[in-house]
Amino acid sequence: MINMIYILFLGCWRRWFGGGFDALGDNRFLQHVIGFLCCASVLYLNHYLPLQSLCVALCLQGLFWARSHGCCFDLGRQTQPDESRYEQLWYWKYLKKYIPNVALYGFGCDYIVMLIRYTGPAVLISLILMKPSFAFAGIVLTNIYAVCWYLYDWGYIKKPTEWAEILVGFSTAILLLV
């Protein structure tokens, strides 16, 4: 039961973290504290060691959620890419070296950036939990954003970012707990 509540919570929390729920405010510190405490508590209640629970909660908040994914979340839909936001990503200079200029800021480049951005912390978390399935979180999350944007392009949904954030929260909790 606690796992189901956490799955629902993380879907709502991720949307709040993404800028939804204006009534709750946009206090990043408060959002991180709530996310950290809930994650650590749920993992502990799922019989993980206290140190393991704290480390995963710290990695989830500090690396998985807190690190910017720059402006690549729209997967190539920007008309004027913001180079300064890409340069915030520690691996951008390496990608820029190997990706031809014609492919920069398009779907493929943004997809790779999102994949690296989420897979790195996911692998670390999967090692701490000794749960290989969580290493796939980067692939899952990147594809959720891609599918939501394509559903938007085809006219099936409005507000693709909001849908993606909710689904990303749900899927992250599922991968973390299952």
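A search of the whole structure finds three salt bridges, a salt bridge being a side-chain nitrogen of Lys or Arg within 4 Å of a carboxyl oxygen of Asp or Glu. The model is predicted: local features need pLDDT of at least 70, side-chain atom pairs count only at pLDDT 80 or more, and totals for chains, interfaces and linings use all residues. Residues are numbered from 1 along each chain as its sequence is written, and side-chain values use heavy atoms, with hydrogens and water left out.

The protein chain has eight helices and zero strands, and from the N terminus on its elements run α-α-α-α-α-α-α-α. Helices (H or I, at least four residues) and strands (E, at least two) are DSSP runs, numbered from the N terminus. Of the 178 residues in the protein chain, 43% are buried. Buried means under 20% relative accessible area, exposed over 50%, and partly exposed in between, with a 1.4 Å probe and protein chains only. The accessible surface of the chain is about 9600 Å², and carbon and sulfur atoms account for 70% of that area. Accessible areas come from the Shrake-Rupley method with a 1.4 Å probe; for residues, only the protein chains shown count as cover. Among contacts between residues at least 6 apart in sequence, 63% join residues at least 24 apart, where contact means heavy atoms within 4.5 Å.

Helix α1 has 16 residues and reaches 21 Å from its first C-alpha to its last, close to the 22 Å expected at 1.5 Å a residue. The expected span of a helix is 1.5 Å times one less than its number of residues. The buried residues of α1 are Y6, I7, L10, G11, W13, R14, R15, W16 and F17. Their cover includes α2, α3, α6, α7 and α8. Just after α1, G19 takes a positive phi of about 115°.

Helix α8 has 18 residues, which should span 26 Å at 1.5 Å a residue; its end C-alpha atoms are 26 Å apart, in agreement. Buried in α8 are P160, T161, A164, E165, V168, G169, S171, T172, A173, L175, L176 and L177. The cover over these buried residues includes α1, α2, α3, α6 and α7.

E165 and R14 meet through their side chains in a salt bridge of 3.9 Å, N to O. E165 lies in helix α8 and R14 in helix α1, so this pair ties together parts that are 151 residues apart in sequence. R14 counts as buried because its relative accessibility is 5%, and E165 counts as buried at 5% as well.

E165 also forms a salt bridge with R15, with the closest N and O atoms 2.3 Å apart. Since E165 is in helix α8 and R15 in helix α1, this pair ties together parts that are 150 residues apart in sequence. Salt bridges that share partners join R14, R15, E162 and E165 into one network.

In the remaining pair, the side chains of E162 and R15 meet at 3.5 Å, N to O. E162 in helix α8 and R15 in helix α1 are 147 residues apart, so the pair links distant parts of the chain. Leaving aside residues up to four places away in sequence, L60 touches Y6, C39, W65, I125, F134, T172 and L176. In soluble globular proteins, nonpolar side chains tend to be buried together.

The last stop is S133, in the loop between α6 and α7. S133 is partly exposed, with a relative accessible area of 27%. Not counting residues up to four places away in sequence, S133 touches L175 and V178. S133 and V178 are 45 residues apart in sequence, and their C-alpha atoms are 8.5 Å apart in space.
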